[in-house]
Protein chains: 4
Amino acid sequence: MRKRTPQRERGTTIPLDKFRDECGVFGVFGHPEAANLTYLGLHALQHRGQESAGIVSFNGRGMNGERRIGQVAEAFDEAVLGRLRGDRAIGHVRYSTAGGSGLANAQPLQISSHRGELAVCHNGNLVNGLEIRDRLEREGSIFGTTADTEVILHLIARSRQALLEDAIVDALREVKGAYSLAFLAADRMIGVRDPMGFRPLSLGKLDGATILTSESCALDLIGAEFERDVMPGEMVVVKADGAHFYSPFEKQRHRQCIFEHVYFSRPDSFVFGRSVGRVRKRLGAELAREAPAEADVVVAVPDSGLFAAQGYSEAAGIPFEFGLVRNHYVGRTFIEPQQSIRNFGVRLKLNPVRAVLEGKRVVLVDDSIVRGTTSRKIVQMVKAAGAVEVHMRISCPPTVGPCYYGVDTPNRGELIAATHSVEEIRKHIGANSLAYLSLQGMLRAMEEDAGGFCTACYTGDYPIPFPEQQATQLGLL
Amino acid sequence: MRKRTPQRERGTTIPLDKFRDECGVFGVFGHPEAANLTYLGLHALQHRGQESAGIVSFNGRGMNGERRIGQVAEAFDEAVLGRLRGDRAIGHVRYSTAGGSGLANAQPLQISSHRGELAVCHNGNLVNGLEIRDRLEREGSIFGTTADTEVILHLIARSRQALLEDAIVDALREVKGAYSLAFLAADRMIGVRDPMGFRPLSLGKLDGATILTSESCALDLIGAEFERDVMPGEMVVVKADGAHFYSPFEKQRHRQCIFEHVYFSRPDSFVFGRSVGRVRKRLGAELAREAPAEADVVVAVPDSGLFAAQGYSEAAGIPFEFGLVRNHYVGRTFIEPQQSIRNFGVRLKLNPVRAVLEGKRVVLVDDSIVRGTTSRKIVQMVKAAGAVEVHMRISCPPTVGPCYYGVDTPNRGELIAATHSVEEIRKHIGANSLAYLSLQGMLRAMEEDAGGFCTACYTGDYPIPFPEQQATQLGLL
Amino acid sequence: MRKRTPQRERGTTIPLDKFRDECGVFGVFGHPEAANLTYLGLHALQHRGQESAGIVSFNGRGMNGERRIGQVAEAFDEAVLGRLRGDRAIGHVRYSTAGGSGLANAQPLQISSHRGELAVCHNGNLVNGLEIRDRLEREGSIFGTTADTEVILHLIARSRQALLEDAIVDALREVKGAYSLAFLAADRMIGVRDPMGFRPLSLGKLDGATILTSESCALDLIGAEFERDVMPGEMVVVKADGAHFYSPFEKQRHRQCIFEHVYFSRPDSFVFGRSVGRVRKRLGAELAREAPAEADVVVAVPDSGLFAAQGYSEAAGIPFEFGLVRNHYVGRTFIEPQQSIRNFGVRLKLNPVRAVLEGKRVVLVDDSIVRGTTSRKIVQMVKAAGAVEVHMRISCPPTVGPCYYGVDTPNRGELIAATHSVEEIRKHIGANSLAYLSLQGMLRAMEEDAGGFCTACYTGDYPIPFPEQQATQLGLL
Amino acid sequence: MRKRTPQRERGTTIPLDKFRDECGVFGVFGHPEAANLTYLGLHALQHRGQESAGIVSFNGRGMNGERRIGQVAEAFDEAVLGRLRGDRAIGHVRYSTAGGSGLANAQPLQISSHRGELAVCHNGNLVNGLEIRDRLEREGSIFGTTADTEVILHLIARSRQALLEDAIVDALREVKGAYSLAFLAADRMIGVRDPMGFRPLSLGKLDGATILTSESCALDLIGAEFERDVMPGEMVVVKADGAHFYSPFEKQRHRQCIFEHVYFSRPDSFVFGRSVGRVRKRLGAELAREAPAEADVVVAVPDSGLFAAQGYSEAAGIPFEFGLVRNHYVGRTFIEPQQSIRNFGVRLKLNPVRAVLEGKRVVLVDDSIVRGTTSRKIVQMVKAAGAVEVHMRISCPPTVGPCYYGVDTPNRGELIAATHSVEEIRKHIGANSLAYLSLQGMLRAMEEDAGGFCTACYTGDYPIPFPEQQATQLGLL
């Protein structure tokens with residue numbers, strides 16, 4: 001879901017790093033410990049959103065919801081989970097955004113209407129949400145949040161369809177954009193992916209219960225079995241008599257987010273039918289073929305670059321080494337000395353292993369360069385630790401456009417690759433050489449032609465146009 | 001506002017002590033520190049609601065709201081108040097209710113609609129809220145809270161009137177019940193009391209700013225001047241060009257809540273045109289005339305009985321003494337030893353002064369007996385501290401009916417006076433004698449005929465009938 | 001106990017309001033819920049110290065201690081109390097001091113030595129603590145706190161006496177000053193008061209268990225019976241076979257702190273053999289005789305002046321009224337608006353009742369004037385609420401000297417009465433007249449000749465001299 | 001420092017996992033932001049102790065100390081650090097121990113004596129601490145903690161030496177065991193390592209300031225330069241005029257803890273003159289030579305096994321793969337569903353990457369097997385993810401004895417290798433093969449003969465005997 005907040009509340013000078021949310025959704029139907037499993041599932045999806053977490057369960061008579069600021073393990077304790085009784089529940093984690101009172105837009109959204117109580121979790125972002133909202137407001141609707149997800153709930157409440165699933169289809173036919181949704185009503189849980197399938201959604205099984213999850217790694221944690229992906233445009237309706245599958249939307253070319261594989265999903269997940277870890281290794285291998293380097297060691301920027309670096313090392317025949325180690329005790333905020341420490345922010349997270357780097361020609365592998373600031377600091381640190389050459393290798397093409405479909409990205413002006421050549425970026429980050437994987441190389445690694453994936457952030461080819469005026473207002477252009 | 005929650009979520013066995021809320025509202029228009037003043041105003045109204053507190057301010061471009069669990073002084077710190085910029089703000093305190101996540105219904109409610117952003121605080125309770133809500137839901141509306149206040153917001157959004165104040169009048173003409181409301185829109189603050197005037201609402205002035213407050217004591221704290229009560233059925237619209245007054249509703253006989261004077265309001269407030277402290281003393285004096293006692297000392301149950309006891313003492317010519325002292329360090333929860341302590345809960349709050357009570361015949365004055373459990377413990381404690389006789393005197397008539405207009409009361413079955421004679425109650429609490437003030441005596445103390453006040457909880461004469469079926473569902477009957 | 005901290009850590013410009021601690025002690029021997037009862041006892045003694053609270057219990061094998069910042073009810077929860085097993089425990093509350101890490105000196109102090117484990121709580125202040133400490137340090141001792149109480153523990157550990165009680169006597173013969181102490185060892189609890197008996201200490205009984213407490217009000221809360229005061233110079237040793245009483249010190253004239261009766265103790269306590277509430281009424285009555293006023297009402301500054309005001313009213317035949325009411329929801333810190341509010345700090349706590357004060361000549365009764373700042377604000381508020389005259393009456397003599405025996409007082413220079421005449425003070429606070437009770441009047445109220453009480457803060461006659469150089473260093477002179 | 005607590009407080013059934021503490025120490029002398037740098041240094045040493053953290057600084061007049069439960073980044077905020085002024089400070093992190101109130105033994109210990117104020121941080125464990133403590137107690141000393149470190153402070157205070165450094169030498173000549181200590185006095189900081197050099201301690205430089213740190217990685221974070229190790233038996237005295245070095249103890253054969261290299265220190269640190277990461281890779285390489293396996297992939301148990309696995313892979317010519325990924329969002333406590341999840345605890349931390357493991361013969365490399373429970377779960381998980389064979393390889397010899405010198409280890413009975421053959425362990429953990437590195441192999445990896453290291457936990461050859469009776473009492477045998 002995208003927050004409408006910034007535009008309204010803070011004018012046009014929005015730091016776009018913050019105005020969108022990548023999220024994770026999870027749901028359980030038919031297990032006596034539905035809320036507890038949802039809590040664990042959300043913990044496994046924590047990398048998809050750390051600001052707030054929420055769970056709604058149905059206890060046979062009514063719905064109870066808890067939405068909290070913070071990570072799952074902090075936000076939910078035994079007392080809170082104890083209030084979430086029932087054998088069905090859905091939950092949501094949400095990405096960190098600026099500002100204080102983040103609870104207003106925390107999900108699941110939970111409403112009542114003539115259909116009874118309904119809760120929903122949304123991963124994605126609508127492109128025409130504002131437009132529909134304006135129309136609904138003119139017709140007398142009131143909005144309690146700034147989330148585009150609330151638009152969907154209004155449309156469902158207004159649909160003439162008797163069945164909830166039909167009303168949801170009615171509503172979703174009006175919206176455009178990216179959505180993987182999990183709904184919970186008294187007697188059913190419904191999962192649905194938009195026809196292009198931007199964001200992932202998978203099905204699992206545990207002791208007869210049905211599970212919905214953004215990624216399969218959440219199934220592993222609770223000991224559930226991975227069944228299959230919910231397909232783009234598919235709706236699954238889970239009731240006491242089992243799961244029912246529908247394909248209510250017109251078929252469209254799939255546009256699954258390739259960035260899920262490059263960076264966002266966990267390497268132990270299966271996403272869009274592929275092992276994320278294996279894809280990343282292949283990205284590294286393609287990169288080694290396209291952009292070899294004369295070097296002594298291949299070093300990853302942990303953890304994002306680990307699998308690609310490993311793939312590069314194998315394909316290039318250059319040894320892989322742990323030349324940067326990650327500090328596992330990184331807190332929220334740090335007090336920096338006034339006498340500033342060079343590259344302080346990066347040092348808190350990473351430290352070079354001098355014994356590995358000293359005197360070496362290093363291939364440094366990462367998944368992406370966004371603004372270029374962090375990469376520059378890492379290259380400096382690696383050189384300061386004794387590396388004689390640093391050859392930066394990026395396991396995807398240059399990122400030249402923002403995302404409108406539910407990934408939090410800076411606006412175009414802040415994307416270094418949108419306005420600078422590769423050589424300019426190389427100079428900026430201070431590397432001896434710099435190479436990105438080509439679009440073709442990336443797609444080869446996916447073992448798939450370009451048709452099935454959204455690559456808009458690398459190509460500017462947006463499957464669903466975002467209203468230009470709106471993008472300008474939001475500062476995206 | 002009344003929460004619909006219990007009925008839906010917890011079935012029919014609701015402890016009615018909790019299903020209604022008495023609240024306090026406060027608003028400032030035209031002062032650079034609007035939110036800070038609102039915070040202090042709410043602190044002065046803290047006795048009207050301790051569960052949650054909320055403030056919404058308008059900063060010139062948009063509204064910011066903060067709603068928190070807990071008392072005002074804990075819930076709001078400098079960082080939170082710092083986010084509430086602007087020269088206009090409204091705030092709300094709400095009574096303690098059961099359950100955990102009390103934030104869902106915390107006020108001010110804050111929405112956006114085609115009229116822009118709107119926030120509202122409500123003290124009172126609608127009688128036909130559920131009925132309207134059911135109609136609105138059938139027409140496609142969705143509800144994000146269980147508060148009847150949300151009904152008013154929907155009706156406003158749907159009104160065809162161009163002006164906000166006209167739309168509010170449209171909406172309020174549809175609802176029945178008790179409401180003292182403070183609205184905040186971008187360019188105006190609006191206060192309104194229902195035509196019967198159940199709950200109080202007053203106006204004050206501070207350096208050209210206009211203040212709305214449930215009670216005048218909040219004006220004292222911030223150094224503002226008391227102007228006058230908002231009259232029953234009156235609406236005040238405060239804009240940059242000053243305050244405008246309207247009387248848009250049909251005139252009705254006033255039905256101001258007499259319980260505000262007996263117990264609820266602070267003794268240093270002026271409510272319904274009277275000093276609460278002075279009225280309480282007069283209640284005590286009337287009681288002394290109606291129900292004299294042969295005794296050595298008059299002792300109050302602090303703090304509720306202090307003024308009435310003082311009035312009794314003066315009228316009866318029996319010395320007033322501090323025979324019970326209050327512990328000022330009462331926390332939220334206490335760990336009681338397993339080997340239970342007699343009257344533990346009461347002891348935490350009150351302790352008898354043996355030197356005052358020993359060997360004395362005591363007139364013990366309190367404002368009311370609800371279930372009788374606490375009174376019984378206090379009488380026991382006073383006797384254990386050496387009193388030879390305890391003559392209990394209550395400064396109002398027996399409470400025989402629940403309230404439907406915004407005061408939290410138990411259901412009829414739990415009201416000891418609804419099912420027991422005065423003599424039975426006397427035996428139960430263990431007093432040597434027991435007397436209540438008569439209805440006539442109470443009205444004499446108000447210096448007013450019965451017409452102006454709601455006395456339903458003493459007489460069962462309800463100014464606005466509460467649908468019987470609904471009352472039964474809610475367990476009120 | 002007195003903290004040595006300020007002198008060492010903050011140089012000579014110590015705000016003396018903070019450099020001493022008034023404390024409360026409590027102990028239980030022989031009850032299965034010793035720690036729970038101690039927790040409740042400390043809650044009843046909360047007025048004697050709000051900064052930190054601590055409990056140590058002996059569980060049959062070892063001692064467990066918990067010391068916490070904050071009030072008792074916040075600081076101790078079920079989990080914490082659950083760790084404090086055993087049938088014997090002692091506890092301590094300590095007055096608020098400046099600075100952050102208040103835990104370092106929190107009591108009970110708990111050590112081990114060749115005598116095994118020992119814990120101690122101290123109410124009072126040693127006069128030669130620094131001197132002994134310096135000697136002990138020169139002999140190789142190390143100190144972990146800055147509390148003078150630690151000196152006592154060192155002396156006990158060094159004593160050659162075989163029995164703990166004899167070693168304690170050895171130690172206490174070396175120290176001079178005020179101490180009411182509760183010790184806990186594995187097999188005994190020991191209570192002792194210094195020979196002059198500056199600070200109170202009482203004995204109670206509950207189901208065969210023996211209780212030590214600073215004030216009797218703590219016995220009321222747990223349903224225990226008051227037995228008697230521990231006498232000045234008396235030691236009580238409580239063991240499995242019962243309580244044993246000793247008088248190991250040379251007899252001295254008693255010097256019990258008269259301020260305990262004037263202000264410090266709770267009115268429902270019996271202290272030094274007298275009801276505190278009754279004494280306060282008598283102080284008010286003496287004051288009415290000594291300093292009558294032509295007035296319409298007697299009003300107390302709550303709560304400290306309540307009993308004295310009542311006594312004044314009765315003796316003077318002028319009606320007592322509640323002209324100032326106290327706000328019961330006072331938090332720790334408040335955000336004051338930048339546009340400052342007149343008398344803000346006082347308004348947060350007290351509000352005048354205009355209906356009582358308007359047009360009246362008011363006798364305003366309080367227990368003391370320290371710096372004069374608060375009294376001035378209260379007089380202003382009472383006049384602003386309509387009083388035509390304010391006659392201030394103080395229920396003790398002018399406070400002209402600081403206390404060295406365990407009461408937190410400002411230094412002499414800050415005591416308005418030390419440097420100003422009564423007429424000057426009257427002008428400063430803006431009252432129409434001002435009178436203090438005379439020393440003779442105060443002692444009459446105690447029903448006792450001057451011999452039994454310490455009145456140093458009113459007379460400058462210090463029973464135990466405080467080394468002048470030290471007092472100067474500490475800024476007391 | 002070792003806590004004496006368990007023996008005394010909890011009898012003989014102590015879980016030995018908890019009775020000892022491994023710690024980290026850090027100190028800065030001569031930098032205006034000494035406390036801030038210490039805070040960051042402790043953050044970099046966080047892996048050496050997560051329970052509590054403390055810092056003491058000297059501000060020119062006195063010492064201020066803050067000791068807190070929790071990790072450094074949580075425990076210290078700007079307000080707390082703001083109280084720690086001055087250009088010299090020492091700090092300490094301490095390992096998690098059982099029980100609630102861990103503050104009692106938190107370091108730095110801070111005392112005053114005739115030498116003035118003194119603070120100390122201790123990494124290590126004394127062997128004769130109890131013995132000396134008993135003697136000191138018999139001589140009249142009192143102890144405020146159960147830490148053996150307090151013994152050292154007593155001995156220093158009792159020394160007749162005029163200079164602090166001489167008194168410290170006096171004291172340390174009496175104690176036996178492991179100690180790397182940092183002392184802070186008003187005018188000097190002193191670092192010292194025991195003559196055998198069990199625990200590490202290094203020196204660094206930053207802008208003229210001298211730094212003491214347990215590991216060099218803390219220097220990297222603050223941008224300081226590594227100077228050299230403090231040598232076994234060496235004392236460094238840092239004063240305004242610079243650092244002075246002494247070797248006051250009789251020379252002894254060095255016995256540096258080999259476990260620091262195997263597991264405890266960070267791979268980016270230089271410890272005992274060697275790169276920890278490089279040593280670990282060599283351990284893996286030796287292991288590959290000694291215990292080859294027919295396999296398809298080498299997989300590490302992250303993070304402890306990463307470097308060794310990499311070394312194994314290179315030496316064996318079998319590809320290294322990330323077959324297990326770590327969850328970076330591991331909180332303190334998790335609510336486990338009642339219907340228990342197989343290997344739940346391990347799953348929270350690690351997840352297998354099925355695409356890497358499926359159908360493969362896996363060499364699984366870890367640094368040690370302690371009780372065997374976790375290894376068993378990991379092997380199960382790897383097999384469940386499709387591995388056809390699992391060959392477990394451990395990069396050190398079987399752990400057969402507890403440590404008495406400052407590493408927290410279970411007692412002998414819980415060490416699976418102390419009572420089971422390698423074949424029995426293999427069966428227990430369910431691996432297809434299991435091999436440990438030999439002692440000779442381990443020492444070869446250190447590039448050092450056995451003389452310089454303590455290998456007691458692998459050989460039972462304890463450089464300083466631990467009194468047998470005491471070990472038995474403590475449950476170590």
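User: How many salt bridges does the structure hold over all chains?

Analyst: The predicted model holds 112 salt bridges over all chains. The criterion is a side-chain nitrogen of Lys or Arg within 4 Å of a carboxyl oxygen of Asp or Glu. Ground rules: this is a predicted model, so local features need pLDDT of at least 70 and side-chain atom pairs count only at pLDDT 80 or more, while totals for chains, interfaces and linings use all residues. Residues are numbered from 1 along each chain as its sequence is written, chains are lettered from A and ligands numbered from 1 in the order in which they are written, and side-chain values use heavy atoms, with hydrogens and water left out.

User: Which residue meets A:Arg199 in a salt bridge?

Analyst: A:Glu22 does, with an N to O distance of 3.4 Å. A:Arg199 is in the loop between β8 (189–193) and β9 (202–206) of chain A and A:Glu22 in the loop between α1 (5–10) and β1 (23–29), so the pair ties together parts that are 177 residues apart in sequence. Helices (H or I, at least four residues) and strands (E, at least two) are DSSP runs, numbered from the N terminus.

User: OK, domains. What does the assignment give for chain A?

Analyst: Domain 1 is 23–250, and domain 2 is 274–330 + 344–473. Those bounds come from an automatic or database domain assignment. In chain A, the C-alpha centres of domain 1 and domain 2 lie 33 Å apart. Their contact (heavy atoms within 4.5 Å) takes 11 residues from domain 1 of chain A and 12 residues from domain 2 of chain A.

User: How much area is buried there, and which domain 1 residues lose the most?

Analyst: About 980 Å² is buried between the two domains of chain A, with 66% from carbon and sulfur atoms. Buried area here is the accessible area (1.4 Å probe) that two parts lose on being put together, summed over both. On the domain 1 side, A:Val127, A:Phe198 and A:Arg199 lose the most, together 48% of what that side buries. The salt bridge count between these two domains is zero.

User: Switching to chains: what's between A and D?

Analyst: Chain A and chain D bury about 5,000 Å² between them, 61% of it on carbon and sulfur atoms. Each chain puts 61 residues into the contact. A:Phe322, A:Tyr329 and A:Ile335 supply 15% of the area chain A buries against chain D, more than any other three residues.

User: And how many salt bridges between chain A and chain D?

Analyst: Two. D:Glu321 forms a salt bridge with A:Lys281, and the closest N and O atoms are 2.5 Å apart.

User: What about D with C?

Analyst: About 2,200 Å² is buried between chain D and chain C, 50% of it on carbon and sulfur atoms. The contact takes 31 residues from chain D and 31 residues from chain C, and the salt bridge count is zero.

User: How far apart are the nearest C-alpha atoms of A and C?

Analyst: They are 15 Å apart, and chain A and chain C do not touch. Chain B and chain D do not touch either, with their nearest C-alpha atoms 15 Å apart.

User: Last topic: which residues lie nearest the centre of the largest cavity?

Analyst: A:Leu221, A:Arg266, D:Asn327, D:Arg347 and D:Asn351, out of 13 lining residues. By class, that lining has six nonpolar, two polar and five charged residues. Nonpolar covers Ala, Val, Leu, Ile, Met, Phe, Trp, Tyr, Cys and Pro, charged covers Asp, Glu, Lys and Arg, and the others, Gly among them, are polar.

Conventions
1 Å grid on protein atoms, 1.4 Å probe; cavity = no way out; pocket = protein on both sides within 12 Å on 5 of 7 lines; lining within 4 Å.
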